[in-house]
Amino acid sequence: MPASQVDERVSASLAGEPTTASHADAARRSARPAWPVRWIKGGGLTTLLFGLPMLLGFTIFGWWPIVNGVLIAFQRTNLIDTHWVWLDNFRDVLADPLLWQAVRNTGLYAFLAILIGFPIPLILAATISELRGRWRQIGSVLAFLPTVIPPVVSILLWRRFYSPEPWGLINTIIGWFGMDPVGWLQDPRFSMLALVIAAIWAGTGTTVIIYLAAMVTIDRSLYDAAEVDGSGIFRKIWHIMLPQLRGTILVMLLLQIIGVFQVFTEPFLLTDGGPQHRTVTLLMLVFRRFMRGDYGGAAALSVMLAVVLALLSWLYLAVTKRWSK
Amino acid sequence: MTDVTTTLASRRNARKAKAAQANERTLISSNDMRNPAIKLGVGSWKTIIIAALTLVGLYPLFWLVVAATSSTQDILRDPLGVWRGGFQPENIVNAWNRIQIDRYTGNTFIIALGTTFFALLITITGAYVLAVLKPRWGPFVDKAIMATLFIPGIISLVPLYLVIIDLPLTPGQVGIIDTWWAVWLPGAVSAFNVLITKQYINSIPHELFEAAKIDGAGPFRVFWHIVLPLTRPILGVIALLTFIASWRDFLWPMLALPSAERRPLSVAISLAERTTDLSLAMAAMLIATVIPIALFLIFQKQFLSGASAAGSVKG
């Protein structure tokens, strides 16, 4: 706020103070109404009224929960009595023997989900953008379709596909290639991979559409120029398409990383953390604490996860800053 | 709610403009395609991808349709068969009547429509304030809204639950848990919506608002006669995305609406899959999928442009 504005406000509020009224002040008061009147006449009140849904909505359901989330992490509450316990919740969370299992599981999930889930949307988008006319539309619709299905439905569908009997859908299909039936969700060797595949199936659509939109904005004359220099298709992909998409790719990768660390619905509905706790994720631990009324512990774990993700994003942005320019 | 539907119709003009882009060249040129080896390679690659997309995108849906109209026995024993044990469309009627899918579908509509209404209200008034009225506190609020985009959602799960148990800024204990408000309001507050709408209004020539002001139009008239009609396309996209998002939501309604009579489809299905006949659960899953799929197919362009707008704001 510029200094002159502050001065004006200070003098205006002083002017409203009857004890300090001198001749000059009185004259000014009669010429200019007190600041609330001026504020209302200047449209301040109307603006505030228009802003009220946003301000109330964000205060109660946006900003306050974020602030309070940090506060609760240092408190113990049974919804009636609340008292400060400082680091007790964090100690409690860190002493949980399942925590390190959950960290490993979440890490493995994140690794697999990025390894498989990062290149697929790029490849799909690059292919769809080469399709002509109606086919391009069909391609984007097909890629986006799984994303429209409610997650509960898609997860329960996958639970059927993964059924462990030899006549289960996926087991029948791998049987055609001479492979033995697998307990996809029951065998600790496969359960995490099974979750990752179901999650990628449901989540790829949005990313494909975003890459497609970014590919349209690439300056086409760059391709013309590369062809004059005799570049083939792969060189055009490597030296023009990917560098031109750099910014979008870096941001999407960061969003994917932040997203995969917060995986919940898939393990919750597909395996409930089993077999042998192999698919317990950090968010499932948050949820379990929450359900048994340990709000402080749940908040402490959420805060730790959020801080780690924030640090990770910061590190990521710092490292990739040079490339994204 | 009629406002939303008319909004969506007006989006059609933008569609025509975009169709013009289709003819432009892409990475592979017609020159590349003159080489028969490249032509064959590119052609078969495209075919493989389209075939894979069809299989992965459509087959699970087709499977769901078949399962929803087959007996439990068939779903379990013959997952690759198509009505080999008989076609049972009555599953859908039975699910609708016997396991109360009618009520849960109604609840889901109430949740999704209410959330959409409040999302539009908060978004358009908020964006109008930030982009046109520009009060002194605007930039501060703008930054605070932007900040919520970067904070992982997990951090507000527990405190949001405490908010609906005892609403802040109210005297005494005012709880909205187990009322529709508990899902409408948190679902309607979206930083993303406010920011893309603000960007959209900023792309409208500012002289328009100035001219209206000079002609003596107050903030209400500018809002009603200029901002509302001009932002219809973006509001249509937001309405669609919010409606589908709240239709799909599972965790929050499960926590915020504990009683059975307000349960939405997503929560009801996750319970039905464990407790009722599998064929009925499959029929319920089909019912829950039909509405979002239909909306998506009707409003493809809005969806796809909305999803890419999401990318541009986050970017």
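This is a predicted model: local features need pLDDT of at least 70, side-chain atom pairs count only at pLDDT 80 or more; totals for chains, interfaces and linings use all residues.
The interface between the two chains involves 97 residues from chain A and 99 residues from chain B. Together, chain A and chain B bury about 8,900 Å², and 80% of this area lies on carbon and sulfur atoms. Polar interactions also cross the interface: 21 residue pairs, both members at pLDDT 80 or more, are in polar contact between chain A and chain B. On the side of chain A that touches chain B, helix α4 (residues 44-72) of chain A contributes the largest share, with 22 residues. By residue class, that side of chain A comprises 67 nonpolar, 20 polar and ten charged residues.

Salt bridges were examined both across the interface and over the whole structure. Over all chains, the structure holds 14 salt bridges, and five are found across the interface of chain A and chain B. One pairing between the chains joins A:Asp224 to B:Arg25, with the closest N and O atoms 2.5 Å apart. Within chain A, A:Arg91 forms a salt bridge with A:Asp88, for which the closest N and O atoms are 3.0 Å apart. Both A:Arg91 and A:Asp88 belong to helix α5 (residues 88-95) of chain A, where a spacing of three residues places them about one turn of the helix apart.

A nonpolar patch on the surface draws on both chains, being formed by A:Trp35, A:Trp39, A:Ile40, A:Leu45, A:Leu49, A:Leu52, A:Leu56 and B:Leu169. The accessible area of these residues together is about 770 Å². Helices α3 (35-41) and α4 of chain A each provide at least two residues of the patch, and the largest share, four residues, comes from α4(A). B:Leu169, a patch member from chain B, is located in the loop between α8 (157-165) and α9 (181-188) of that chain.

Two features of the backbone were also noted. Most residues other than glycine have a negative phi, and most peptide bonds are trans. In chain A, the peptide bond from A:Gly274 to A:Pro275 is cis, with omega near -10 degrees. A:Pro275 is placed in the loop between α14 (265-270) and α15 (282-291) of chain A. In chain B, B:Gln100, a residue other than glycine, has a positive phi near 60 degrees. B:Gln100 lies in the loop between α5 (90-98) and α6 (101-133) of chain B.

Technical notes:
Residues are numbered from 1 along each chain as its sequence is written. Chains are lettered from A and ligands numbered from 1 in the order in which they are written. Side-chain values use heavy atoms; hydrogens and water are left out. Contact means heavy atoms within 4.5 Å. Buried area is the accessible area (1.4 Å probe) that two parts lose on being put together, summed over both. A salt bridge is a side-chain nitrogen of Lys or Arg within 4 Å of a carboxyl oxygen of Asp or Glu. A polar contact is a pair of N or O atoms within 3.5 Å; within protein, one must be able to donate a hydrogen and the other to accept it, and residues adjacent in sequence count only if both atoms are side-chain atoms. Ala, Val, Leu, Ile, Met, Phe, Trp, Tyr, Cys and Pro count as nonpolar, Asp, Glu, Lys and Arg as charged, and the others, Gly among them, as polar. Patches are made of residues with over 30% relative accessible area and no salt bridge: like charges are joined within 9 Å, nonpolar side chains (Val, Leu, Ile, Met, Phe, Trp, Tyr) within 5 Å. Accessible areas come from the Shrake-Rupley method with a 1.4 Å probe; for residues, only the protein chains shown count as cover.
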